[in-house]
Amino acid sequence: MLVNEGQIPLYLQIKNNLKSQITSGFYSSGAKIPTEPELGEIFQVSRVTVRKAIAELVAEGYLVKKQGKGTFVNHKRVERKMSFVMGFEASCRENGMLPSSSILQIEVKSPSKEVADKLGITTLDRVIYIQRKRCADGVPIFLENNYFEYERFSFLVDSDLRGSLYDLCSKNEIYPKKLGQGSTLEIVTADSRLSGIMNVSVGTPFFYADIVIQEEDGTPVHVGHQLYLGEYYKFDM
């Protein structure tokens with residue numbers, strides 16, 4: 001209930017009320033909130049007053065407006081430091097999110113020249129290709145495409161790949177430590193294939209990372225062609 005005494009502006013009372021409902025979980029991450037006219041009815045105020053409250057919550061990152069769809073509670077974001085190697089599970093937990101994975105493909109095959117060069121092998125050698133869909137709080141946010149040299153990482157073929165690959169590497173005394181030179185990050189948009197896998201609309205923005213992960217001495221661990229759902233990620237360069 002709003003207090004119309006003039007000491008606390010009505011828009012600020014609405015803002016604080018909505019913020020409390022968001023932080024308490026009444027409106028969960030990604031949930032659509034009532035429209036401005038509906039909120040005006042709920043709080044018995046004008047749309048102008050509601051609009052000002054919503055605008056401040058958008059500016060502070062609590063809400064996000066989607067054209068033609070409405071206003072939604074903003075997602076938690078996974079913050080990643082490009083200079084520091086951290087697995088998906090660890091980065092999710094650090095950001096208060098529950099990680100999960102599904103394995104889409106695992107295949108032993110010949111590498112492309114680009115992958116072979118980055119791994120320091122030839123196209124006559126074999127690699128293990130692992131594609132996984134990674135979820136945070138049940139939402140697909142990361143499509144992982146990794147290439148490991150078969151000779152050195154054959155233990156992965158018979159391992160449970162639903163968890164951390166880096167933990168499996170560490171158990172075999174291989175320690176991913178740094179991002180190799182030549183790794184790049186760019187913005188792409190989802191085509192029909194990617195949109196189907198990740199359950200998003202065609203044209204949805206993704207970060208595409210073409211990376212090489214290395215051990216401390218520069219020995220390649222894997223090549224990654226990674227796709228991160230843009231609205232869920234923030235990269236610290």
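**Reading the terms used for this model**

Student: What makes Gly-182 exposed in this structure?

Tutor: In this predicted model, Gly-182 has a relative accessible area of 59%. The word exposed applies over 50%, so Gly-182 is called exposed.

Student: Where is Gly-182 found?

Tutor: Gly-182 lies in the loop that joins strand 7 (178–179) and strand 8 (184–189). Its C-alpha atom is 12 Å from that of Asp-117, a residue 65 positions away along the chain.

Student: Why are helix 2 and helix 3 called roughly perpendicular to each other?

Tutor: Helix 2 (residues 36–43) and helix 3 (residues 47–59) pack at an angle of about 110 degrees. Angles of 65 to 115 degrees count as roughly perpendicular, and the pair is therefore described in that way. The axes of helix 2 and helix 3 are 9 Å apart.

Student: Which residues make the contact of helix 2 with helix 3?

Tutor: Helix 2 contributes Glu-36, Pro-37, Leu-39 and Gly-40, while helix 3 contributes Arg-47, Val-50, Arg-51 and Ile-54. By class, four of these residues are nonpolar, one is polar and three are charged.

Student: How is the chain divided?

Tutor: The division gives domain 1 (10–73) and domain 2 (78–235). The centres of domain 1 and domain 2, taken over C-alpha atoms, are 37 Å apart.

Student: What does the UniProt annotation say about residues 8–76?

Tutor: The unreviewed UniProt entry annotates residues 8–76 as "domain: HTH gntR-type". In the model, this stretch is 51% helix and 12% strand, with 29 Å between its end C-alpha atoms.

Technical notes. Residues are numbered from 1 along each chain as its sequence is written. This is a predicted model: local features need pLDDT of at least 70, side-chain atom pairs count only at pLDDT 80 or more; totals for chains, interfaces and linings use all residues. Side-chain values use heavy atoms; hydrogens and water are left out. Domain bounds come from an automatic or database domain assignment. Axes are lines fitted to C-alpha atoms, for helices over the stretch in contact, and angles run from 0 to 180 degrees between N-to-C directions. Helices (H or I, at least four residues) and strands (E, at least two) are DSSP runs, numbered from the N terminus. Angles under 35 degrees count as roughly parallel, over 145 as roughly antiparallel, 65 to 115 as roughly perpendicular and the rest as oblique. Contact means heavy atoms within 4.5 Å. Ala, Val, Leu, Ile, Met, Phe, Trp, Tyr, Cys and Pro count as nonpolar, Asp, Glu, Lys and Arg as charged, and the others, Gly among them, as polar. UniProt positions are given in the numbering used here, feature names are shortened, and annotations may be inferred rather than shown by experiment. Buried means under 20% relative accessible area, exposed over 50%, partly exposed in between (1.4 Å probe, protein chains only).
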